[in-house]
Amino acid sequence: MNNKNKVILSFIGVFASVALLVISTILAENEVISAALAVVLTIISIISVFVAIFYAAKVDYETGVYECRNCGHTFKPTFKAYILAVHTLTTRCLKCPECGKSTRCKRRNAEKGE
Ligand SMILES: [Zn+2]
């Protein structure tokens, strides 16, 4: 599976989980399903939303490298640094392993596929 497919798959996962949450809420409100079943479905869908988001983050982490604004060095941060870093869609505040400065590093797609 290539990276693009993984990103699409994780988005489908998020949408499917949210859809399950909405559907179970509607069914419970209309008393189609019991309250207990609605709670179970809600818990399942919340867990799957978190799993899908985590998977999306993991795919984004695995497919990206970051370029230091100070020295231009391209590096891959640790997963912990990646998760905790303040970020936008295309930049992330990371500490460069080369020059040691924390800059708004630009995201680049990693060269290797799998
Ligand atoms: Zn640097």
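This is a predicted model: local features need pLDDT of at least 70, side-chain atom pairs count only at pLDDT 80 or more; totals for chains, interfaces and linings use all residues.
Reader: Which residues coordinate the zinc ion, and through which atom?

Author: The donors follow the spacing C-x2-C-x24-C-x2-C along the chain. The distance to the zinc ion is 2.3 Å. The coordinating residues are Cys 68, Cys 71, Cys 96 and Cys 99, each through SG.

Reader: Is the site of the zinc ion tetrahedral or irregular?

Author: The site has 4 donor atoms, with angles of 107 to 113 degrees among them. Four donors count as tetrahedral if all angles lie between 85 and 135 degrees. The ideal angle for four tetrahedral donors is 109.5 degrees. The site of the zinc ion is therefore tetrahedral.

Reader: Where in the chain do the donors Cys 68 and Cys 96 lie, and how many residues apart are they?

Author: Both belong to the set of cysteines that coordinate the zinc ion. Cys 68 is in the loop between β1 (64-67) and β2 (74-75), whereas Cys 96 is in the loop between β3 (91-95) and β4 (102-109). The pair links distant parts of the chain, and its members are 28 residues apart.

Reader: Are Cys 68 and Cys 96 buried or exposed?

Author: Buried means under 20% relative accessible area. Cys 68 has a relative accessibility of 2%, and the value for Cys 96 is 2%. Because these values fall under that cut-off, Cys 68 and Cys 96 count as buried.

Reader: Which residues make up the largest nonpolar core?

Author: Two of the zinc donors, Cys 68 and Cys 96, are also members of this core. The core has 10 residues in all. They are Ala 57, Tyr 61, Tyr 66, Cys 68, Phe 75, Tyr 82, Ala 85, Leu 94, Cys 96 and Cys 105.

Reader: Which residues does Cys 105 touch, not counting residues up to four places away in sequence?

Author: Cys 105 is itself part of the largest nonpolar core. Several of its contacts are with members of that core, including Tyr 66 and Leu 94.

Reader: What kind of aromatic pair do Tyr 61 and Phe 79 form?

Author: The structure holds 4 aromatic pairs. In the one formed by Tyr 61 and Phe 79, the rings are 4.9 Å apart centre to centre, with 70 degrees between the planes. The pair links Tyr 61 in helix α2 (residues 35-63) to Phe 79 in helix α3 (residues 79-84), 18 residues apart. Because planes over 60 degrees apart count as edge-to-face, the pair is edge-to-face.

Reader: Which rings form a cluster, and which charged residues lie over the faces of Tyr 61 and Tyr 82?

Author: Ring pairs link Phe 54, Tyr 61, Phe 79 and Tyr 82 into a cluster. Over the face of Tyr 61, at 4.6 Å from the ring centre, lies Lys 76. Over the face of Tyr 82, at 3.9 Å from the ring centre, lies Arg 92.

Reader: Where is Pro 77, and with which residues is it in contact beyond its neighbours within four places in sequence?

Author: Pro 77 is placed in the loop between β2 and α3. At 7% relative accessibility, Pro 77 counts as buried. The C-alpha atoms of Pro 77 and Val 65 are separated by 7.6 Å, at 12 residues apart along the chain. The contacts of Pro 77 are Tyr 61, Tyr 66, Tyr 82 and Leu 94.

Reader: With which residues is Ser 24 in contact, leaving aside neighbours within four places in sequence?

Author: Ser 24 lies in helix α1 (residues 3-29). Its relative accessibility is 1%, so Ser 24 counts as buried. The contacts of Ser 24 are Ile 33, Ala 38, Leu 41 and Thr 42.

Reader: What is the phi of Glu 31?

Author: Glu 31 is in the loop between α1 and α2. With a relative accessible area of 70%, Glu 31 is exposed. Its phi is positive, in a residue other than glycine, and is near 55 degrees.

Terms used
Residues are numbered from 1 along each chain as its sequence is written. Side-chain values use heavy atoms; hydrogens and water are left out. Donors are N, O and S atoms within 2.8 Å of the metal (3.2 Å for Na, K and Ca); water is not among the atoms, so sites may look incomplete. Four donors count as tetrahedral if all angles lie between 85 and 135 degrees; four count as square planar and six as octahedral if opposite donors are over 155 degrees apart and all others between 65 and 115; anything else is irregular. Helices (H or I, at least four residues) and strands (E, at least two) are DSSP runs, numbered from the N terminus. Buried means under 20% relative accessible area, exposed over 50%, partly exposed in between (1.4 Å probe, protein chains only). A nonpolar core is a set of buried Ala, Val, Leu, Ile, Met, Phe, Trp, Tyr and Cys residues joined through side-chain atoms within 4.5 Å. Contact means heavy atoms within 4.5 Å. Rings of Phe, Tyr and Trp (its six-membered ring) pair if their centres lie within 6.5 Å; planes under 30 degrees apart count as stacked, over 60 as edge-to-face and the rest as tilted. A charge sits over a ring if NZ of Lys or CZ of Arg is within 6 Å of the ring centre and within 35 degrees of the ring normal.
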